[in-house]
Amino acid sequence: MVNRKKKDLSYLAAFGLGLIVVNVLSSFLYTRFDFTAEKRYTLSDITRNELSNLNDDILVTVYLEGDFPSAFKRLRNSTRELLSDYKSYSNGRLRFDFVNPLTGNEQEQQNAYQDLLAKGLEPTNLSVKTEEGLTQKIIFPSALITYQGRQMPVSLFQNREGLPPEQVLNNSIQNLEYAFTSAIRKVTSGGKPRIGFTEGHRELNDLQLADAMNALQSGYEVGRVDLKSITFEGLAKLKVLIVPKPDKEFSEAEKYKIDYLLMNGCRVFFALDNVNAELDSLRGAGSQLAFPKKLNLDDMLFKYGVRINYDLIADMSCSQIPLNIGNVGGQAQLQMVPWLFYPIFVPVSKHPLVKNLDGIRSEFASTIDTIAVKGLKKTIVLASSPFNRTLKTPNLISLQMAAEEPDPRAFRSQPKPVGVLLEGSFSSNFANRPLPEGVEAGHNLPERSKPTKIIVVSDGDILKNQVSSQDGSHFPLGYDRYSQKQYGNKNFLLNIADFLTDESGIIELRNKEIKVRLLDRARIKSEKAFWQAMNIVLPLILLLLFALGGQYYRKRKYAS
C-alpha cells in the first residue's frame with residue numbers, strides 16, 4: 001500500500017513538472033494549428049516578414065468598441081484575433097487597443113467625430129434596433145496605426161451594394177490582413193512613393209481631382225507633372241504616372257518622356273476619353289455631336305498592347321441624371337432618369353485590383369481592344385454589362401435619348417472591355433527612331449523596358465469628383481450627388497496605387513478567401529419540425545432511459 005502511494009505521488013510530481021516545463025517552453029515558442037480548408041487563421045509569409053522586421057514599437061488603435069449589432073461584433077472579434085497573431089509575430093513591437101470613440105456628452109462626441117474625420121477615418125451610419133424602434137448610430141469601423149509619429153488610417157468595413165449582409169461581413173473579414181499589412185508597410189517604409197498626375201493638356205483640374213489626390217496623400221507623395229517642362233532627373237523620381245483625361249494633343253517629346261519612364265520601370269495609368277462628349281454641353285444645346293479626340297497617343301498604346309476605340313458604350317446598367325420634364329407654376333420639374341452613356345461597371349474579375357469592389361461610375365466610356373504583343377500578360381479588369389450596345393463616332397447624341405424607353409433586345413451583347421492591365425517587358429515606342437525635337441541627347445532608350453505594369457481605362461471621369469454648384473466644394477470621389485450613391489471609384493484608385501507601387505506582392509493578400517458556409521434554407525424549412533423534435537424530445541427520452549437503466553442496475557446490484 002505504501003509503495004503504491006509513493007508510486008502515485010511520483011506520477012503526480014512528474015505530471016506537475018511536465019506541465020511546468022510545457023508552460024515555460026510555450027512562453028518562448030509560438031505556433032498554431034489551422035485545420036480550416038482555406039487556412040483562414042494562418043498569416044501569410046509576407047505579413048510575418050513585415051512584422052518580424054519592425055524596428056520600433058507600433059500601436060494599432062481600433063475603433064470597434066461599443067454597443068454594436070452582432071455583425072460588427074463578429075468583425076471586432078475577428079480583428080482582435082488577427083491582431084493577437086500580429087502581436088505574436090512582431091517580437092513584442094506591436095501593441096493594439098480597442099476603444100469606443102463616441103463616449104461622453106454630446107459636445108465631446110462631436111469633437112471626437114471631427115478629430116477622427118481629420119485623421120482620415122470614414123464613418124458608417126447604422127440602423128440599430130432599440131425598445132423604442134430603429135435609431136441611427138454613427139460608428140467608425142476603422143483603425144489608426146501609429147509609428148514613429150506617423151499615422152495611417154485603416155478601413156475595416158468593405159461595404160458593397162446588392163450583397164447580403166453575411167457576404168459583406170465576410171468580405172470585410174477576409175480583407176483584414178491585406179488592410180493591416182498594407183498600412184503597416186506604408187507607415188514603416190519611411191519615404192513615400194511619388195505619384196504624378198499629368199497637366200498641360202487640359203486634363204482634369206485640381207478641383208476635379210481634389211478627392212483623388214487627397215485619398216492618396218496618406219500613403220504617397222502626390223503632385224502634378226508638366227511633361228513639357230519636367231527634367232529627366234525629375235521623371236526618375238516618379239514611381240507612378242497617371243494621365244487623367246487629357247483633352248489636348250501630346251507632343252512627340254512628351255510621349256518620349258512617358259516612354260522613358262516606362263522603359264526605366266515606372267508604372268503608368270492611362271485614364272483617357274477618346275471621344276469628345278460632355279453632359280454640360282448637352283444641357284446647354286440639347287444635343288451634341290460626339291466626335292473623336294486627337295490625343296496623339298494611339299501609336300504608343302498600340303505598341304504597348306491596347307487600342308481605345310472611337311466609340312461610345314450605351315449600357316442599361318447605368319446611373320441616373322436629373323431631366324427637366326416640364327414647368328409647373330414657373331418651377332422646373334426634374335425627374336431622375338437612366339442615362340445610358342453613364343455606365344456602371346460592376347467588377348466580376350477576381351483580380352485583386354477589383355475584387356469585392358462596388359460598381360465603378362463612368363461617363364461616356366469607350367471600348368478597348370487588346371493587341372497580341374509577345375511577352376505581355378493582359379488582364380481585363382473592368383467590362384460593361386451584357387446589356388450594352390456601341391455607337392460609332394461621329395454621332396449625334398441628345399438628351400431626348402434619356403426620355404426614350406430602350407429596347408432590351410437591342411442591348412444584348414457580349415461585355416465590352418473598358419479596363420485592361422498590361423504586365424511584362426514592353427517594347428519602346430521610339431526604338432530605332434531619331435530623338436524627337438525638344439529632347440536633349442544623352443537620354444537614349446533601351447529597346448525593351450524593365451518588367452513593369454500599365455493600366456488603361458477608357459474613361460477619364462472615373463477619377464473626377466463632382467463639384468457643388470453652390471459653394472464650389474468637392475464631393476467624395478465616386479459619390480453621385482444626384483442619386484446620393486457612393487460608388488467604388490475611390491477604392492479602385494487606391495487599389496491601383498497599391499498595385500502599381502507594390503514590389504513585395506502585398507496586393508495578393510486581397511485574394512484571400514473565407515468561404516461562407518451558410519445553412520440550406522430550403523432544407524431548414526422542410527425539415528424544421530423533425531429537427532425541433534429531435535432536439536427537444538430525444539434528450540428527454542435519453543434522460544428517461546438512463547434513469548430507468550440506473551434504477552434497474554441498482555436493484556440488481558443490491559437485491560441480494
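Modeller: Phe98 has a relative accessibility of 10% and counts as buried, a label given under 20% relative accessible area, with exposed over 50% and partly exposed in between (1.4 Å probe, protein chains only). Phe96, at 23%, counts as partly exposed.

This is a predicted model, in which local features need pLDDT of at least 70 and side-chain atom pairs count only at pLDDT 80 or more, while totals for chains, interfaces and linings use all residues. Residues are numbered from 1 along each chain as its sequence is written, and side-chain values use heavy atoms, with hydrogens and water left out.

The sheet comes next. Four strands form an open sheet in the order β2-β1-β5-β6, with mixed pairing; strands (E, at least two residues) and helices (H or I, at least four) are DSSP runs numbered from the N terminus, and two strands pair if DSSP finds at least two bridges between them. The edges are β2 (94-98) and β6 (150-155), and each has a single partner strand, so one side of each lacks a neighbour in the sheet. From one strand to the next the twist averages 20°, where axes are lines fitted to C-alpha atoms, for helices over the stretch in contact, and angles run from 0 to 180 degrees between N-to-C directions. The pairing of β1 (residues 58-62) with β2 is parallel and runs over five bridges. Leu94 in β2 is the bridge partner of Ile58.

Helix α6 (residues 176-188) packs on this sheet and touches β1, β2, β5 (142-147) and β6, contact being heavy atoms within 4.5 Å. The direction of α6 makes about 165° with that of β6. The loop between β5 and β6 holds Gln148. Gln148 is not a glycine, yet its phi is positive, about 50°. Most residues other than glycine have a negative phi. Gln148 is partly exposed, with a relative accessible area of 48%.

Now the aromatic rings. The whole structure holds 13 aromatic pairs; rings of Phe, Tyr and Trp (its six-membered ring) pair if their centres lie within 6.5 Å, and planes under 30 degrees apart count as stacked, over 60 as edge-to-face and the rest as tilted. Tyr86 and Phe180 make an edge-to-face pair, 6.3 Å centre to centre with 70° between the planes. This pair links distant parts of the chain, as Tyr86 is in helix α3 and Phe180 is in helix α6, 94 residues apart. Both residues are buried: Tyr86 has 0% relative accessibility and Phe180 has 1%. Phe96 and Phe98 also form an edge-to-face pair, at 6.0 Å centre to centre and 85° between the planes.

Helix α3, which carries Tyr86, covers residues 70-89, 20 residues in total. From first C-alpha to last it reaches 29 Å, close to the 28 Å expected at 1.5 Å a residue; the expected span is 1.5 Å times one less than the number of residues. After α3 comes Asn91, with a positive phi near 55°.

Away from this part, another non-glycine residue with a positive phi is Arg202, at about 55°. Arg202 lies in the loop between β7 and α7 and counts as exposed at 58% relative accessibility. Asp206 sits in the loop between β7 (194-199) and α7 (210-217), and is partly exposed at 48%. A cis peptide bond, with omega about 5°, joins Thr393 and Pro394. Pro394 is in the loop between β20 (388-392) and β21 (395-398). Phe232, Tyr256, Tyr260 and Phe430 form one aromatic cluster.

For the chain as a whole, the secondary structure comes to 15 helices and 25 strands. Of the 560 residues, 44% are buried. Among contacts between residues at least 6 apart in sequence, 75% join residues at least 24 apart.
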